[in-house]
Amino acid sequence: APFPPVQELRLFGMWKHQFFVDSSGFGTGKTFCAALVSALRAALIQDRHIGILSDTFAQGKLYFTDYFDVWLKRCPIFAAQV
């Protein structure tokens with residue numbers, strides 16, 4: 001499997017539920033999963049806009065610089081959707 005079972009459950013929960021609370025520890029992939037679900041929702045669901053609310057600017061910046069910007073450079077299909 002491409003993701004560990006914990007991340008697969010996390011992705012499923014984020015996709016299925018409008019509000020999903022994940023209290024996992026540091027470094028467990030919460031930001032990556034949130035970015036992935038947001039990107040998929042934006043690309044697959046018509047008229048969908050995404051954003052992030054975070055306690056700190058650094059966390060919100062991480063969301064886009066570490067994931068979205070990299071995906072835009074490496075994946076032309078994703079870049080075309082954005």
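1. Terms come before the model. A residue is buried under 20% relative accessible area, exposed over 50%, and partly exposed in between, using a 1.4 Å probe and protein chains only. Val82 has 66% relative accessibility, so Val82 counts as exposed. Val82 sits in the segment after H4. Its C-alpha is 10.0 Å from that of Phe68, 14 residues away in sequence.

2. On the basis of the note: this is a predicted model, in which local features need pLDDT of at least 70, side-chain atom pairs count only at pLDDT 80 or more, and totals for chains, interfaces and linings use all residues. Residues are numbered from 1 along each chain as its sequence is written, and side-chain values use heavy atoms, leaving out hydrogens and water.

3. Helix H2 covers residues 30–44, which is 15 residues. Helices here are DSSP runs of H or I with at least four residues, strands are E runs of at least two, and both are numbered from the N terminus. From first C-alpha to last, H2 reaches 21 Å, close to the 21 Å expected at 1.5 Å a residue. That expected span is 1.5 Å times one less than the number of residues.

4. H2 has a buried set: Thr31, Cys33, Ala35, Leu36, Val37, Ser38, Ala39 and Arg41. What do these buried residues pack against? Their partners are helix H1 (5–16), helix H3 (57–74) and helix H4 (76–81). Contact means heavy atoms within 4.5 Å.

5. Phe32 is in H2 and, leaving aside neighbours within four places in sequence, is in contact with Phe3, Tyr67 and Trp71. With a relative accessible area of 22%, Ala34 is partly exposed. Not counting residues up to four places away in sequence, Ala34 touches Met14 and Tyr63.

6. Phe12 belongs to helix H1. Is Phe12 buried or exposed? It counts as exposed because its relative accessibility is 53%. Ala34 and Phe12 are 22 residues apart along the chain, and their C-alpha atoms are separated by 11 Å. Phe12 and Ser23 are 11 residues apart in sequence, yet 16 Å apart C-alpha to C-alpha.

7. On the cysteines: a search of the whole structure finds 0 disulfides, a disulfide being a pair of cysteine sulfur atoms within 2.5 Å. Cys33 is in no disulfide, and the nearest cysteine sulfur, that of Cys75, is 18 Å away. Cys33 has 0% relative accessibility, so it counts as buried. Cys75 is partly exposed, with a relative accessible area of 31%.

8. The largest pocket has a volume of about 810 Å³. A pocket is an open set of points on a 1 Å grid over the protein atoms alone, with protein on both sides within 12 Å along at least five of seven lines; a 1.4 Å probe is used, and lining residues have an atom within 4 Å of a point. The volume is the space filled by probe spheres set on the points, which are joined across faces, edges and corners.

9. How many residues line the largest pocket? There are 22, with Phe20, Ala34, Ser38, Gly51 and Tyr63 nearest its centre. H2 gives the most to this lining, with 6 residues. H2 and H3 each supply at least two.
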